[in-house]
Amino acid sequence: MRSATVLALILPFLASNSALSQTPVQFDVASVRPHASADEEFISPQFLPNGRFVSKGSLFAVIAAAYDLLPNRGSRLTGGPDWLRTRGGALDIQAIASLPLDLPAPERNARMRLMLQALLADRFKLKLRTEAKEMPIYALVVAKGGPKLQAADIAEKDCPEGPFLTAPETPSTACHSFRGGQVRTIHARAVTTTDIVSYVQNWTDRPFVDKTGLTGLYRIDTPVWQPMDLSSAPPAAADLPTIYEVFEKLGLKLESQKDKVESYVIDHIEKPSAN
């Protein structure tokens, strides 16, 4: 699919997904402005529960969010001018969508990603092409002896909705949500192995792929674990268990492999006028 527009990428996906095909692929209203101040803190792209999208920072990060990529894993998103990644080209973007309040979070975020893709095509004239690249990845696989994951206390059909604001054992805790991160513990009430891979990929140094074949919902409670790159970590972090050891205790294995991964190349993009 060479030099395809973002909308050309969207339409086949909509046609194959009846739930999403009933949803408009545009935000109700969107604002794009130059970032207000060099001293103001950036805000990573966020899809919020009330149908709002907010970002204060690089447009490169926004494009990554629109395609469910990680901007710090540049091997899956490449190309485009330098201003996409610089503080001087930073933008404040806010958008609002009218979405049902009872939408499950994964579906809500999928719909908002489509709207963000359409916004990028309309306001920035973004054109992407996709290609499969063979690259080093981490694969999550089941270790010898089988998985040792704790089953969730809730079924998918009974999952409450809303942001993760409570402890995992609290009935109001949403599914597919996490608390914590690297050099901290991670907790979740009911998540899939794909959810785990997507979340932990925020701290891995290459793409992370779920190859366990597991489909259940699981409760996750990990110990504190060390970053993969210890060069900028405090000395005490070296005494923490590695991410490999954390997964081993769950009966899973983080395996280095090479695989073909769908990647995106920015062929064209334009600076927007402020509104």
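pLDDT is the predictor's confidence in each residue, from 0 to 100. It applies here because this is a predicted model. The chain averages a pLDDT of 82. Of its residues, 83% score at least 70. Confidence is lowest in strand β1, residues 4-5, with a mean of 38. Strand β8, residues 150-151, has the highest value, at 96. Over residues 1-22 the pLDDT stays under 50. The model still has 38 contacts for that stretch beyond four places in sequence. Where pLDDT is low, the predicted coordinates should not be read in detail.

Now the overall layout. The chain has 275 residues, and buried ones make up 44% of them. Six helices and 13 strands are present. Take the contacts in the chain with a separation of 6 or more: residues 24 or more positions apart account for 73% of them.

Start with helix α3, residues 59-66. Eight of its eight residues are buried, so the helix is largely enclosed by the rest of the structure. The buried residues run from Leu59, Phe60, Ala61 and Val62 through Ile63, Ala64, Ala65 and Ala66. What do the buried residues of α3 pack against? The partners are the strands β3 (43-47), β4 (52-57), β5 (77-79), β6 (91-96) and β13 (252-268), together with helix α4 (105-124).

Just after α3 comes Asp68, with a positive phi of about 55°. Asp68 sits in the loop between α3 and β5. Is Asp68 buried or partly exposed? Its relative accessible area is 48%, so Asp68 counts as partly exposed. His176 also takes a positive phi, of about 60°, although it is not a glycine. This residue belongs to the loop between β8 and β9 (179-180). His176 is partly exposed because its relative accessibility is 23%, and buried means under 20%.

Next, helix α5 (193-200). Its buried residues are Thr193, Asp195, Ile196, Val197 and Val200. An α-helix has 3.6 residues a turn, so residues three or four places apart point the same way. The cover over the buried residues of α5 includes strands β7, β10 (186-191), β11 (208-210) and β12, and also helix α6.

Leu214 lies in the loop between β11 and β12. At 21% relative accessibility, Leu214 is partly exposed. Its contacts, leaving aside neighbours within four places in sequence, are Val142, Pro147, Leu149, Thr193 and Leu252. Thr193 is one of the buried residues of α5. Thr194 is 20 residues from Leu214 in sequence, and their C-alpha atoms are 8.7 Å apart in space.

Gly146 is in the loop between β7 (127-142) and β8. Its relative accessible area is 18%, so Gly146 is buried.

Rolling a probe the size of a water molecule over the atoms shows where empty space is left. The count comes to two cavities of 30 Å³ or more. How much space lies in the largest cavity? About 90 Å³. The residues that line the largest cavity are Phe178, Ile186, Ile196, Tyr199, Val200, Ile220, Thr222, Trp225, Ile243, Val246, Phe247 and Leu250. By class, this lining has 11 nonpolar residues, one polar residue and no charged residues. Two helices, α5 and α6 (243-249), each supply at least two residues of the lining. Ile196 and Val200 are in the lining, and both are buried residues of α5.

The last stop is Gln226. This residue is found in the loop between β12 (218-221) and α6. Is Gln226 buried or exposed? With a relative accessible area of 10%, Gln226 is buried. Which backbone oxygen atoms does its side chain reach? One is that of Ala237, at 3.4 Å. The other is that of Ala238, at 3.4 Å. Not counting residues up to four places away in sequence, Gln226 touches Ala237, Ala238, Leu240, Pro241 and Thr242.

Methods:
Residues are numbered from 1 along each chain as its sequence is written. This is a predicted model: local features need pLDDT of at least 70, side-chain atom pairs count only at pLDDT 80 or more; totals for chains, interfaces and linings use all residues. Side-chain values use heavy atoms; hydrogens and water are left out. On a 1 Å grid over the protein atoms alone, a cavity is a set of points where a 1.4 Å probe fits but cannot get out, and a pocket is an open set with protein on both sides within 12 Å along at least five of seven lines; lining residues have an atom within 4 Å of a point. Grid points are joined across faces, edges and corners, and a volume is the space filled by probe spheres set on the points. Helices (H or I, at least four residues) and strands (E, at least two) are DSSP runs, numbered from the N terminus. Ala, Val, Leu, Ile, Met, Phe, Trp, Tyr, Cys and Pro count as nonpolar, Asp, Glu, Lys and Arg as charged, and the others, Gly among them, as polar. Contact means heavy atoms within 4.5 Å. Buried means under 20% relative accessible area, exposed over 50%, partly exposed in between (1.4 Å probe, protein chains only). A polar contact is a pair of N or O atoms within 3.5 Å; within protein, one must be able to donate a hydrogen and the other to accept it, and residues adjacent in sequence count only if both atoms are side-chain atoms.
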